[in-house]
Amino acid sequence: MNLARFPRIRLAHLPTPLEPLPRLSEYLGGPEIWIKRDDCTGLSTGGNKTRKLEFLMAEAQAQGADIVITQGATQSNHARQTAAAAARLGMGCHILLENRTGSNDANYRGSGNVFLDHLHGATTEERPGDGRDMNAEMEPVAERFRSEGRTPYVIPGGGSNATGALGYVNCAYELMGQSQDMGLVFDHFVTATGSAGTQAGLIVGLKAINAGLPLLGIGVRAPREKQEANVFALAEKTAEKLGVPGVVAREDVVANTDYVGAGYGIPREDTLAAIDLFARCEGILLDPVYSGKGAAGLIDLVRKGHFKSGERIVFLHTGGSAALFGYTSYWAK
């Protein structure tokens, strides 16, 4: 299985650091916790979407696109990184932003990632969070650009299709190479999971190289059955694209959605507590949508004994600290 067969543009600072979290591990009194710093990918404050965009933007260029169109929630990390990638490559970028939280807070709607979208030169338009199919919503927008003589390339929300997921197949290879070089054996791998591409790519990569490392996704939006089904469906498509169909079994895809709370983009109290704990114990900034909820799940599962003393865990930091500036009201309460 050779990822070099697929077009790719190097946008990320790779490999990202793999670091221990000694103070957090001591504080929780359970397993030894490490962190894979995909907040350090380098493109516009970093984040996990940059790995996906290396393959997506290469495909866009190969198809002759001069503008990319994507969608996400108002404080979308994916939108911000797509805007940055387009700027770096001299392409246009247009983003549909869905107000999934219903918030009218000025910081939420104009600061953080939204400010950076515009700073990178992207144009945006809003949609209400009324449950519409946002990927389908992009098609008439793309047609509008075609009628103006542009050549658009449409990127699904989160960059989560089989092309984008290749970035996290590569991350699985990278992590296992680092762990071998450092003489580390991990017992568990934990990541936040939402649009499915990160978890799907990771599980395909891990299974394809027989890593023997179980992967747990901490859900940030959908119920467990739906989240696992979405991840498995994308994992199957990714495996087929790589030429290893069937490498992932349904039971390999595991998600825990106990930490979603009121909905996507709405942090729970344990989300805020996890952000505070990482900031004060390790000097690491999480975000309120993905990594904060993922860390809240990790912390709670350690406290419940799901992850045990003597085990070693790696937590994937998916980035997104820019969104904190859209959520300052939660710390003002």
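Before the first stop, one definition: UniProt positions are given here in the numbering used for this model, feature names are shortened, and an annotation may be inferred rather than shown by experiment. Keep in mind, too, that this is a predicted model.

**Stop one: the annotated serine.** Select Ser76, where an unreviewed UniProt entry places the feature "active site". You'll find Ser76 in the loop between strand 3 (67-73) and helix 3 (77-89). Is Ser76 buried or exposed? Its relative accessibility is 4%, so Ser76 counts as buried, the cut-off being under 20%. Now show side chains: that of Ser76 reaches the backbone nitrogen of His78 at 3.2 Å.

**Stop two: the annotated lysine.** Jump to Lys49, which UniProt (unreviewed entry) gives as "modified residue: N6-(pyridoxal phosphate)lysine". Lys49 sits in helix 2 (residues 49-62) and is buried, with a relative accessible area of 6%. What does Lys49 touch, leaving aside its neighbours within four places in sequence? Select Asn77, His78, Gln81, Gly158 and Ser195, and you have its contacts. His78 links the two stops: it is in contact with Lys49, and its backbone nitrogen is what the Ser76 side chain reaches.

Six of them make an open, mixed sheet, in the order 1-2-10-7-8-9. Strand 1 (18-20) and strand 9 (254-256) are at the edges with a single partner strand each, so one side of each has no neighbour in the sheet. Going from one strand to the next, the twist averages 30 degrees. Zoom in on strand 2 (residues 32-37) and strand 10 (residues 312-317): this pair is parallel, with six bridges. Lys36 is a handy landmark, as it stands opposite Leu316 in strand 10.

Next, bring in helix 7 (residues 162-182), which packs on the sheet and touches strand 1, strand 2, strand 7 (188-193) and strand 10. The direction of helix 7 makes about 130 degrees with that of strand 2.

In soluble globular proteins, nonpolar side chains tend to be buried together. The largest nonpolar core here has 33 residues, and Phe189, Leu202 and Val204 touch the most other members. Helix 7, helix 8 (197-208), helix 9 (224-242) and strand 10 are the elements giving two or more residues to this core, and helix 7 gives the most, with seven. Pick Val204 and show what surrounds it: among its contacts beyond four places in sequence are Val169, Ala235, Leu242 and Val248. A second, separate core has 26 residues, including Leu21, Leu28, Ile218 and Ile275.

Which residues does a cis peptide bond join? Select Leu14 and Pro15, where omega is about 0 degrees; Pro15 lies in the segment before strand 1. Move on to Ser44, in the loop between strand 2 and helix 2. Its phi is positive, near 55 degrees, though Ser44 is not a glycine, and the residue is buried at 14% relative accessible area. Finish at Ala196, in the loop between strand 7 and helix 8. Ala196 also has a positive phi, about 95 degrees, and counts as buried at 4% relative accessibility.

Key
Residues numbered from 1 in each chain as written. Predicted model: local features only at pLDDT ≥ 70, side-chain atom pairs only at ≥ 80, totals over all residues. Heavy atoms only, no water. Pairing = 2+ DSSP bridges. Helix = DSSP H or I, 4+ residues; strand = E, 2+ residues; numbered from the N terminus. Axes fitted to C-alpha atoms, helices over the stretch in contact; angles between N-to-C directions. Contact = heavy atoms within 4.5 Å. Buried < 20%, exposed > 50% of the residue type's maximum accessible area, 1.4 Å probe, protein only. Polar contact = N/O pair within 3.5 Å; in protein donor to acceptor, adjacent residues only side chain to side chain. Core = buried A, V, L, I, M, F, W, Y, C linked by side-chain atoms within 4.5 Å.
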